[in-house]
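My notes follow in the order I looked things up.

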Amino acid sequence: MSGSAVKLVFGSLKDGFHDLDYHLTTDFFEEIDQSLILNGDVQVLLKVERSERQLSLDFKLEGWVEKSCDICLSRLEYPIKTQQFLHVKITDKEMDDEVDLIAIGSNEYELDLTSHLFDYVALALPMKVECKDSLNREACDEEVLSMLSAEEEENDNSNHPEWKKLKEIFKN
Ligand SMILES: [Zn+2]
């Protein structure tokens with residue numbers, strides 16, 4: 001495999017079912033222009049059903065990725081386990097891509113799966129990723145949390161000197 005792009009070379013696949021596998025590691029996540037996922041190790045099992053005018057792709061992803069906790073910013077490993085489907089029409093007609101349906105020209109022989117696989121990994125993560133969802137930790141870093149809440153207090157206007165003065169005035 002050259003570079004870290006993940007390609008499905010379907011040109012040589014005969015009609016019927018085929019089992020393929022890919023392994024997404026550091027190179028894969030580093031080469032994509034994104035800052036969400038820092039590292040990872042995800043196994044991809046792909047079942048392809050090839051017919052003359054279309055491909056049905058059934059992906060199973062399992063592994064882990066390293067990313068920052070959305071609350072305390074600790075770098076932790078989060079489990080990934082998901083299944084996704086993608087239908088590929090082989091056609092020269094203009095067609096709008098949909099989430100799980102794309103078109104590819106009849107003179108193509110390979111399909112770049114990189115962005116699809118990255119999206120599947122990203123979608124497998126919770127909307128808000130916290131330490132408790134990780135493989136390494138049960139809760140957020142207490143020290144960081146107390147630092148964050150101290151910072152918040154500092155930014156809180158009620159402790160501003162002017163505001164304190166006002167409060168004194170109201171008291172009297
Ligand atoms: Zn955390």
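I began with the metal, and I took as donors any N, O and S atoms within 2.8 Å of the metal (3.2 Å for Na, K and Ca); water is not among the atoms, so sites may look incomplete. I noted that this is a predicted model, where local features need pLDDT of at least 70, side-chain atom pairs count only at pLDDT 80 or more, and totals for chains, interfaces and linings use all residues. Residues are numbered from 1 along each chain as its sequence is written, and side-chain values use heavy atoms, with hydrogens and water left out.

**Zinc site**

Which residues coordinate the zinc ion? I found C69, C72, C131 and C140, each through its SG atom, at 2.2 to 2.4 Å. Their spacing in sequence reads C-x2-C-x58-C-x8-C. I then placed two of them. C69 sits in the loop between strand 4 (54–68) and strand 5 (75–90), and C131 in the loop between helix 2 (114–124) and helix 3 (142–155), so this pair ties together parts that are 62 residues apart in sequence. For these elements I used DSSP runs numbered from the N terminus: helices are H or I of at least four residues, strands are E of at least two.

I checked the geometry next. Four donors count as tetrahedral if all angles lie between 85 and 135 degrees; four count as square planar and six as octahedral if opposite donors are over 155 degrees apart and all others between 65 and 115; anything else is irregular. The 4 donor atoms of the zinc ion make angles of 100 to 117°, and the site is tetrahedral.

C140 is also in the loop between helix 2 and helix 3. C140 and C69 are 71 residues apart in sequence, yet their C-alpha atoms are 8.1 Å apart.

Are these cysteines buried or exposed? I called a residue buried under 20% relative accessible area, exposed over 50% and partly exposed in between (1.4 Å probe, protein chains only). C69 is buried at 1%, C131 is buried at 0%, and C140 is buried at 14%.

I also looked for disulfides, meaning pairs of cysteine sulfur atoms within 2.5 Å. The count is 0.

**Overall build**

I counted 4 helices and 7 strands. Along the sequence they run β-β-α-β-β-β-β-β-α-α-α. Of the 172 residues, 33% count as buried.

**Aromatic pairs**

I paired rings of Phe, Tyr and Trp (its six-membered ring) if their centres lie within 6.5 Å; planes under 30 degrees apart are stacked, over 60 edge-to-face and the rest tilted. I got 2 aromatic pairs. One of them joins F28 and F29, edge-to-face, with 5.1 Å between centres and 90° between planes. F28 belongs to helix 1 (residues 26–31). F28 is buried at 3%, and F29 is buried at 2%. I also took the C-alpha separation of F28 and D41, which is 9.5 Å across 13 residues of chain.

**Pocket lining**

Last, I listed the residues around the largest pocket. A pocket is an open set of points on a 1 Å grid over the protein atoms alone, where a 1.4 Å probe fits, with protein on both sides within 12 Å along at least five of seven lines; lining residues have an atom within 4 Å of a point. Among them are Q84, F85, H116, D119 and Y120. Helix 2 gives the most to this lining, with 5 residues.
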